[in-house]
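I opened this notebook to record what I looked up, entry by entry, starting with charged pairs and going on to the interface and the helix packing.

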Amino acid sequence: MLIYQRINRILKTATTYNRCRWLYCSTPHQQVSHYSHFTSSSQQVLGCRVISSWFSRAFSSGGPQPQYEEDQVDPFSLVADELSVVANRLRSMVVTEVPKLASAAEYFFKMGVEGKRFRPTVILLMATALNVQISKPASEGVVDLFSSELRMRLQSIAEITEMIHVASLLHDDVLDDADTRRGIGSLNFVMGNKISVLAGDFLLSRACITLASLKNTEVVSLIATAVEHLVTGETMQMSSSAEQRSSMDYYLQKTYYKTASLISNSCKSIALLTGQTAEVALLAYEYGKNLGLAFQLIDDVLDFTGTSSSLGKGSLSDIRHGIVTAPILYAIEEFPELQTVVDRGLDNPENMDLALEYLGKSHGIQRTRELAARHASLASAAIDSLPENDDEDVQRSRRALKELTHIVINRTK
Amino acid sequence: MRTYIYTNYVTLHQYISLYTPSIKEGYARGCISTHSLTRFIISVVESTTYVRRLIFTYFSFNFPVTSPPPPPLTPSSISIYLFFISFHLLILLFDIMSVYRLIYRVSRTATSYNRCRWLHCSTPHQQSSSQQVLGCRVISPWFFRSFHSGGPQPQYEEDPVDPFSLVADELSIVANRLRSMVVAEVPKLASAAEYFFKMGVEGKRFRPTVLLLMATALNAQISKPASEGVVDVFSTELRTRLQSIAEITEMIHVASLLHDDVLDDADTRRGIGSLNFVMGNKISVLAGDFLLSRACITLASLKNTEVVSLIATAVEHLVTGETMQMSSSAEQRSSMDYYLQKTYYKTASLISNSCKSIALLTGQTAEVAMLAYEYGKNLGLAFQLIDDVLDFTGTSSSLGKGSLSDIRHGIVTAPILYAMEEFPELRSVVDRGLDNPANVDLALEYLGKSHGIQRTRELAAKHASLASAAIDSFPENDDEDVQRSRRALIELTHRVINRTK
């Protein structure tokens, strides 16, 4: 029973990395015995997992945290520990001497308003999935140091990505005059536009300094390109002509720039930092790109459907701001008269109801979901094409990454 | 007679300059000099006037009552006139001689890099041309000083060099490359990004000038005729990298201007409408972000992470300085240290870090990099201090003619801080808020009574001399271009102090 509890605790809370360290960081003479012990313990782990999942399924009511079967992993809990380390470091990195700037910069890094932390999760999982160095018990001392320094560099990428993402959120809220963000008041609402713009610039410059400390100019170039894409995407959304707004290619390009570029370039940077080949880096890039596109497409669907499957329960914020998204574009293909409705402007509630009516009649939502599913499967295929690796953590991370693609498709909020 | 000729000279010179703009430009290209042409024409006219008057006097039978009798015609006066005419004729002919023109063009406008290539690529027998250059330069300043009226373009003696004309060619190359670098595929973003890089609104281009001069002043590689082929390629690539620093600095500077105009709701910038006034706040913020990211991409292409780190730190300092200005308490606003720190962050940090990057890219030692940093820092501080003074004094020396924009926005600058040290009651006036015009007038009154302006100028002069000292501490280099650039850098420190607008 004690063993069961201990193993359960390891299973549930420790990250794969910590778990391996804990298991491997022992005196050398115990290695062989530990290895055999580990295999037996892995038996027990698997066994316990089977038992515990059976029990859990029997007794749980399927609440907010779904239980996973043996070959499924919960991506978020897998990196939970590491994420908290990253979050703490982020909070210390945005400290500055001017108090007002400090409070503005750390506004969205405080506990509770960190958001879903989707991007750092992807990046940390990708780091484990690509990292071939972790299990080499022979040269353990050296590997440990190297791995932890390499690990810190990879965590830096996660921090940089999160800083750039928050900087773009701050500037976007200024541009859109938004009142709320992540459940609290947006920074421009609370502290004013000026300090928001400055805080965004400050976070960008901190990200650049951290990037420079990585001493890899290709990574700097990739992340800087991602920032430029963010700006270009936002401008594309702001200043599109009617012609462009009805074009699916323009929409996909804009979505890539706005959402997918940052994740994809960060994944590629991870691959480059771990010294992978160009093909592997490209696979990482493809994964990030398709995941980002799928995420945004489902986001557009949820804007219409909201928490229920029926049409119109969603927040409809995109369409109210005149932003034409994928479902509407597909509906326009089926009903060309919808184009005129859209061109007339969707500020008028009548026009909006008409547009929603057309959308309900068409297959717009369904086709968007299909497109998202296609991108998600492309992402999974990219993970499957990664070089073979027998290490269990690597396998687990890759399964988690594939699980992420399913979560992205099937989420309801 | 001297005054008469002087007045006529000025008029005729202006006339010639007005109607022959090509000649005025051609001055820099070594064509006919307007001054020598003027001198020649004056001398001819004066002589013919004398002769005409002579003929009129001696061959007419009616003495006009009003005209004065001509001076007696003596052999000495004839010889003086002939000497006068022939000398100016010689100068004129010499001016339009092709050799003089070529050398003049080479020495004035080509960058040191091009000049060395040209001079070293030529056959040795033309070494004497430098002699001729020096000779002409000695004679012409004497005449220039006698006849010149001190117009808009001051003539230079041998020692001081005009910093801006020294890098004019290279600056236009940099400007063209900048314009191509801020092109984006989205047309609205492209037009927003290049708004301040168009011809005519590039500003004084102060920072690129400093950086290009610093690049020449530190570049020890340029004059090695022995291994010229190798050095050429290397120098060209190195020169391009140094020019990239100038472009990056200018992009970051314009990005900060765009964001600052959004923050301050400014209407005009560089004599035209500000971007947020013309196109809106959103596109201004986006354009600023775009320029920053382009600068980061260019930085990354330099493949030197220390330089990336320096420039990124400079960007962070810009933001910190702007926030310090925005959100200072009353206590901090009256502190000279806080003000100097904020000024360093806002103005001097970018220039100093860019100069240090130039030094690092050319492979200098840490000490030389530190000297370059010190030069940039002191130059930036002096520039901002004089800027603060000019905000009060404007184009005249009296108080109150300036734009007073800083004090109206409640920004307390160095002269007020010094005045506060002398008159503590000024502090309470400032604390009460300077939106009220009565308070502003009271503050100006205190400022006039105090030595605030004077002490600020002294502080600026001190920083300028520190900057010059940094240049003098550079490692010895006999190359003429390096010497000239260093003199130009020192000249810049004088200009920064003595400017009036």
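Entry one, salt bridges. I counted 21 salt bridges over all chains, taking as a salt bridge a side-chain nitrogen of Lys or Arg within 4 Å of a carboxyl oxygen of Asp or Glu. I looked up one of them, in which A:Glu159 pairs with A:Arg89 and the closest N and O atoms are 2.8 Å apart. A:Glu159 lies in helix α8 (residues 140-176) of chain A and A:Arg89 in helix α5 (residues 80-93) of chain A, so this pair ties together parts that are 70 residues apart in sequence. Helices here are DSSP runs (H or I, at least four residues), numbered from the N terminus.

A note on the source. I am working with a predicted model, in which local features need pLDDT of at least 70 and side-chain atom pairs count only at pLDDT 80 or more, while totals for chains, interfaces and linings use all residues. Residues are numbered from 1 along each chain as its sequence is written, chains are lettered from A and ligands numbered from 1 in the order in which they are written, and side-chain values use heavy atoms, with hydrogens and water left out.

Entry two, the interface. I found that 37 residues from chain B and 36 residues from chain A take part in the contact, where contact means heavy atoms within 4.5 Å. The area buried between chain B and chain A is about 3400 Å², of which carbon and sulfur atoms give 73%; buried area is the accessible area (1.4 Å probe) that two parts lose on being put together, summed over both. Two salt bridges run between chain B and chain A, and I noted the one from B:Arg294 to A:Glu228, whose closest N and O atoms are 2.6 Å apart.

Notes
Helices (H or I, at least four residues) and strands (E, at least two) are DSSP runs, numbered from the N terminus.
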